[in-house]
Amino acid sequence: MRLPEYLAELGRKRIEGFPVEGFVYGTGPKFPKIMLVGEAPGETEIHNGIPFSGRAGQKLMEFLAGLRLTREDVYITSTVRSRPYVWREKRDGSIRKYNRPPTAAEIKAHAPLLDYEIEHVHAPIIVTLGNVGLQRLLGKDV
C-alpha cells in the first residue's frame with residue numbers, strides 16, 4: 001500500500017521551512033499481520049527511501065525474525081516522514097547533521113499521512129515504536 005501522491009505532496013508542503021530533510025513513504029502490504037509506527041526516518045532511510053533500514057532497522061528485523069515475521073509481513077511507517085535534524089559539532093571540529101525528535105508542529109504537519117495509512121491499511125495490530133508514535137495515536141498524557 002502506498003500513499004496517494006497528492007497526500008505525499010501535501011505532507012511535503014506542510015513541512016516546508018522546518019529543519020527536516022527527505023521524505024520516506026510507509027511500505028508494506030495492505031493487509032499486514034501488524035503495522036509498525038516509528039518516530040521519523042534517519043539518515044540511512046532518507047537516502048534509500050526504506051523505513052527502518054538503518055541500525056535500528058537491523059535490530060527490528062532481528063526482533064521480527066524472532067516472531068517468525070519478515071519485512072514483507074508488516075507495514076512499516078513513521079509519524080513524521082522527513083528526517084528531523086540538528087547541526088552539531090563533532091570532536092574533530094567538523095559540523096554535521098544529527099537526528100533529533102520531531103517537534104509537535106512537525107508531527108501535526110504529517111498527521112494526515114499517518115491517519116490515511118491507519119484507515120487504509122488493514123492491520124489487526126498497530127505497534128508504536130517509541131513515545132512519539134504512541135503519543136501521536138493515544139494522546140500526550142500517555
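Student: Is T79 buried or exposed?
Tutor: In this predicted model, T79 is buried, with a relative accessible area of 1%.

Student: Where is T79 found?
Tutor: T79 sits in the loop between β3 (74-78) and β4 (83-89).

Student: Which backbone oxygen lies 2.9 Å from a polar atom of the T79 side chain?
Tutor: That oxygen belongs to G38. Beyond its neighbours within four places in sequence, T79 is in contact with several residues, including V37, G38, E39, H110 and R136.

Student: What does R136 form a salt bridge with?
Tutor: The partner of R136 is D115, and their closest N and O atoms are 2.4 Å apart. R136 belongs to helix α6 (residues 131-138) and D115 to helix α5 (residues 111-120), so this pair ties together parts that are 21 residues apart in sequence. D115 counts as partly exposed, at 38% relative accessibility.

Student: How many salt bridges are there in the whole structure?
Tutor: A search finds nine. One of them joins E21 and K97, with 2.9 Å between the closest N and O atoms. E21 is in strand β1 (residues 20-21) and K97 in strand β5 (residues 95-99), 76 residues apart.

Student: And K59 with E62, how are they placed in helix α3?
Tutor: K59 and E62 are three residues apart in helix α3 (residues 55-66), so about one helical turn separates them. Their side chains meet in a salt bridge at 3.8 Å, N to O.

Student: Are those two buried or exposed?
Tutor: K59 is exposed at 56% relative accessibility, and E62 is exposed with a relative accessible area of 52%.

Key
Residues numbered from 1 in each chain as written. Predicted model: local features only at pLDDT ≥ 70, side-chain atom pairs only at ≥ 80, totals over all residues. Heavy atoms only, no water. Helix = DSSP H or I, 4+ residues; strand = E, 2+ residues; numbered from the N terminus. Buried < 20%, exposed > 50% of the residue type's maximum accessible area, 1.4 Å probe, protein only. Polar contact = N/O pair within 3.5 Å; in protein donor to acceptor, adjacent residues only side chain to side chain. Contact = heavy atoms within 4.5 Å. Salt bridge = Lys/Arg side-chain N within 4 Å of Asp/Glu carboxyl O.
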